[in-house]
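I opened my notebook today to look around a new structure.

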Amino acid sequence: MNSETKNIKKLIIDQSLELDCGKTIKDFPLAYETYGTLNKNKNNAILAFHALTGDQFCTNINPITKREGWWTTAVGPGKAIDTNKYFVICANVLGGCMGSYGPKEINPATNKLFATTFPVITIRDMVKAQKYLIDYLGIKKLLAVTGGSMGGMQVLQFVSLYPDKAHAAIPIACSASHSAQNIALNELGRQAIMADPNWKNENSTPDKGLAVARMAAHITYLSKKGLQEKFGRKLQDKGSLKFSFDADFQIESYLRYQGATFVDRFDANSYLYITRAMDYFDLEKQFKGNLSSAFNNTKSKFCVISFSSDWLYPTAENKEIVIALNTCGANVGFVEINSDKGHDSFLLDVPEFLKTVSEFLNSIYNEINNEKRI
Amino acid sequence: MKKEFEVISQIIQNNKRVLDIGCGDGSLMEYLKINQKNDVRGLEPQKNLVQKCISKGLSVIEGDAEKELIQFPKKSFDYVVLSQTLQAFFDPEEVLNQLLRIGKQTIVSIPNFGYWKVRLHLLFKGTMPITKNLPNEWYNTPNLHMCTIQDFVNFCNKKNIKIDKSMCLTNEKISEITNRNMGYKNIFSQLGIFLIQ
């Protein structure tokens, strides 16, 4: 069943999905958006997976937040993921807060918000839910699956679960199993939320805690060099230090702004659930310690991309994926893009990155349409 | 396509799996993929060249052969190709061992330091040779371990590496190297191309 309310398209999935936590869910909503047109052969569809704080509105103006979609740099007419040519599908993940089944939804059993009674979900649960959407749209095989950060983890999980459902896979700036450092950083965010006295208060939201979580996380998305170049020790108001704890430095003011605007668009409990899903992600463990068996039967052609200044999902972790793919003889290309914009590079205008994505997709598109033999 | 690649592609049979080490802009890979239906992969240290390959739809991994070859499983390719790069590695012997491990057969080409122009340059000028194939000065050359065709053959014999085919290239002309013409070829060839296992 498909419904649309307040600019949010929702597919109500009427099949049952057994979550990794053991609970089975049924008749749950998955909010999604599509861009471009699905062609007659239904072979131009690209499924884009969003990262921790993204949603289904990957490009154009997000009708809810009134801000640009999270991947506007890459997705759109004439862009790297060209919506004149491709049909781009993007869904809000399970646990999200933009209309999909998540802690911000009403629990029909109690008529109250799920909040922390929501089941813990995993990357695998998210991916399985999105597979229903692909089936609903009548797409037998996607042209490509792609995404950065947590989106990249979903790419890996998708090709592992469905080895013959995508011609190409582009995992960007991600990892096959969340590192201790990344779990630690996520825990920092969660603790900030849970330390807010308004957490679990039905009449309020833990805005302060969520803002602090966002501020901390935001630092990890940038690089030291990028921060230094952009902000250095520049002061907010010209002149001198104020000898107080106001935002003296521009970087402080910038982070406070990032935190303050984030709470308007994101749900604190969603933040808890989604970061948990990332932490639980360990594709290697799913395959008993042998990552390459995750890709044993894959038919997809891979293009793995990392960024030189990304310390959250560094090149070495992306290369682990490449090594695993090579070990099982999968078809894989890999490039590390030079950028001083840190982990966020995949969301920003980094021409070499966008060019690589565009040309790789183009070669796959031509290959399957036999326009060119290579 | 350059003559050397023509020779290499003729050695490679159709429909086989090929790994091209230091594949550059992927021109050999592209030829093999289109004309011989080979399943080709590449390894290349330079980012801009890797990007070029990816944009052509070639599966190329950015990386340095001295660090990356270890990840490829034993005998996972029918052919491993290394064109004019062996002499540039810190440890050519180890790289060669890796190539022989990964490939059922390995194709290696080397610029011949025994070529007469090289010999005469050193003999008469008394400075490090600079030729069309060896265009760099001693202080900026990437070539750390130059060898001659004879050196390479001696090395293979010493290490029990089987040479299935040895060819040489002079001014775009291809010919075969045999035991009988070895001394001659070692003087008059610019490039040696070997199929080994």
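Before anything else, I wrote down a meaning: two residues are in contact if their C-beta atoms, placed from the backbone, lie within 7 Å. I also noted that this is a predicted model.

**Entry: contacts in chain B.** I looked at contacts in chain B with a separation of 6 or more, and 63% of them join residues 24 or more positions apart.

**Entry: the build of chain B.** I found eight helices and eight strands in chain B. Its C-alpha atoms fill a box of roughly 50 × 35 × 30 Å along the principal axes. I then checked the radius of gyration: a compact globule with 197 residues would have one near 16 Å, and chain B has 16 Å, so the two agree. Of the 197 residues in chain B, 42% are buried.

**Entry: the core.** I looked up the largest nonpolar core, which has 161 residues. Those with the most contacts inside it are A:I46, A:V88, A:L142, A:A144 and A:I170. Both domain 1 (2-178 + 282-369) and domain 2 (183-274) of chain A give this core at least three residues each.

**Entry: one residue up close.** I picked A:L142 and left aside its neighbours within four places in sequence; its contacts are then A:A45, A:I46, A:L47, A:I134, A:K165 and A:A166.

Key:
Residues are numbered from 1 along each chain as its sequence is written. Chains are lettered from A and ligands numbered from 1 in the order in which they are written. This is a predicted model: local features need pLDDT of at least 70, side-chain atom pairs count only at pLDDT 80 or more; totals for chains, interfaces and linings use all residues. Helices (H or I, at least four residues) and strands (E, at least two) are DSSP runs, numbered from the N terminus. The radius of gyration is taken over C-alpha atoms; the globule rule is 2.2 Å times the number of residues to the power 0.38. A residue is buried if 20 or more other C-beta atoms lie within 10 Å of its own, exposed if 12 or fewer, and partly exposed in between; C-beta atoms are placed from the backbone. A nonpolar core is a set of buried Ala, Val, Leu, Ile, Met, Phe, Trp, Tyr and Cys residues joined through C-beta atoms within 7 Å. Domain bounds come from an automatic or database domain assignment.
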